[in-house]
Amino acid sequence: MTLQNDLLLRAARGEKTERVPVWLMRQAGRILPEYRAVREKAGSFIALATTPELAAEVTIQPVDILGVDAAIIFSDILVVPEAMGLPYEMIEQRGPVFPQTVRSAADLDRLHIADAESDLGYVLEAIRLVKRELNGRVPLIGFAGAPFTIFCYMTEGKGSKTFSVAKKLLYTDPEFSHTLLQKITDSTIGYLKAQVQAGANIVQIFDSWAGILSPDQYRTYSLPYIKQICDAITDVPVTVFAKGAFFARQEIGQLNCSVVGLDWNMDPTESRHLVPNKTLQGNLDPCVLYASFDQIRTEVRKMIQAFGTGRYIANLGHGVYPDTDPEKVKCFIETVKEYSA
């Protein structure tokens, strides 16, 4: 299918674009009243994510309402551990919780490498529905969590500021750690390949907890597994977003990926120097969207000046926060479009 708007894909491939493409992490979510209405109908976050028709509906909402240049499939990075045999719950105000954790060889033996079609078919069906509904208007982004980030949740059992349980295992049982990371990696490769087969035009790897590792540990326990994924996905561009891994930008830039996502602590000029041959994505501080409309316009223009308009995808430096005014989000998007044209 020919895309009517392929700005994101051309920018990802390093081709010339008429203007900078723009989308937001967590654009399909609580900032939109329309999303909250569908979420209420679903009854729970997990019910929404696992009902293809509803997941497709909220995936498309930001394209219609906000005018972004891409849709990103509505799902969660934690569907992968669930598909491997470790179910999770989403607790209101607390976030994800795993009733059971993986901390021993016996726990490892209870896990299996996920089969995308049978274990994650609901995500693939949502992708197919979205592709049909979008009818070529904009590209669709698929995604998965990076193996180390998934490892954190599977071993810790919940979110954490330090993930000290997960990090303790890296030091005390490296063999266990590498075995679990490899199982997650194998599951993720199959899952992302199936997303591409179902219609995803580009995929993003979210290493949300990259920043809790030292550079040495990151080179040992995260980069090699992300590399395996990048090497395996050859049909579409791959974006790697490693939040907090400012120290690894150069090495991430050497991976077999097309786009490097930056958080707001990563300087655009320095990042261009460290990652000269890739498209960069980011990196406005999500809190800028609490400012006045004029301040938002000023900060967005400053960001585009710093990155330049070539080989660049405008985004936030992390997901949009749930209490952000959708009108401020629209201001961000419109300013990117007007200023970069």
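Helix H9 (residues 147-156) packs against helix H10 (residues 164-172) at an angle of about 105°, and their axes lie 8 Å apart. Here an axis is a line fitted to C-alpha atoms, for helices over the stretch in contact, and angles run from 0 to 180 degrees between N-to-C directions. H9 and H10 are therefore roughly perpendicular to each other; angles of 65 to 115 degrees count as roughly perpendicular, under 35 as roughly parallel, over 145 as roughly antiparallel and the rest as oblique. Phe148, Phe151, Cys152, Thr155 and Glu156 of H9 make this contact with Ser164, Val165, Ala166, Leu169 and Leu170 of H10, where contact means heavy atoms within 4.5 Å. By class, the contact residues are 7 nonpolar, 2 polar and 1 charged. Ala, Val, Leu, Ile, Met, Phe, Trp, Tyr, Cys and Pro count as nonpolar, Asp, Glu, Lys and Arg as charged, and the others, Gly among them, as polar.

A word on what you are looking at: this is a predicted model, in which local features need pLDDT of at least 70 and side-chain atom pairs count only at pLDDT 80 or more, while totals for chains, interfaces and linings use all residues. Residues are numbered from 1 along each chain as its sequence is written, and side-chain values use heavy atoms, with hydrogens and water left out. The helices (H or I, at least four residues) and strands (E, at least two) are DSSP runs, numbered from the N terminus.

Now turn to another pair, helix H4 (residues 52-65) and helix H8 (residues 121-134), which pack at an angle of about 45° with axes 8 Å apart. H4 and H8 are therefore oblique to each other. The crossing of H4 past H8 is right-handed, meaning that the near helix is turned clockwise from the far one by less than a right angle, and left-handed would be anticlockwise.

Next, find Thr188 in helix H11 (residues 174-198). Is Thr188 buried or exposed? Thr188 counts as buried, at 1% relative accessibility; buried means under 20% relative accessible area, exposed over 50% and partly exposed in between, with a 1.4 Å probe and protein chains only. Its side chain reaches the backbone oxygen of Ile184 at 2.7 Å. Not counting residues up to four places away in sequence, Thr188 touches Val80, Ala144, Gly145 and Ile229.

Strand S8 (residues 279-284) holds our next stop, Asn283. A cis peptide bond joins Gly282 to Asn283, with omega about -15°. Asn283 is buried, with a relative accessible area of 8%. The side chain of Asn283 reaches the backbone oxygen of Asp263 at 3.0 Å. Beyond neighbours within four places in sequence, the contacts of Asn283 include Trp264, Met303, Phe307 and Tyr312.

Finally, look at two loops. Arg26, between helix H1 (7-12) and helix H2 (33-42), has a positive phi of about 65° although it is not a glycine. Arg311, in the loop between helix H16 (293-307) and strand S9 (312-316), also has a positive phi, near 50°. Arg311 is partly exposed, with a relative accessible area of 29%.

Note on methods. Polar contact = N/O pair within 3.5 Å; in protein donor to acceptor, adjacent residues only side chain to side chain.
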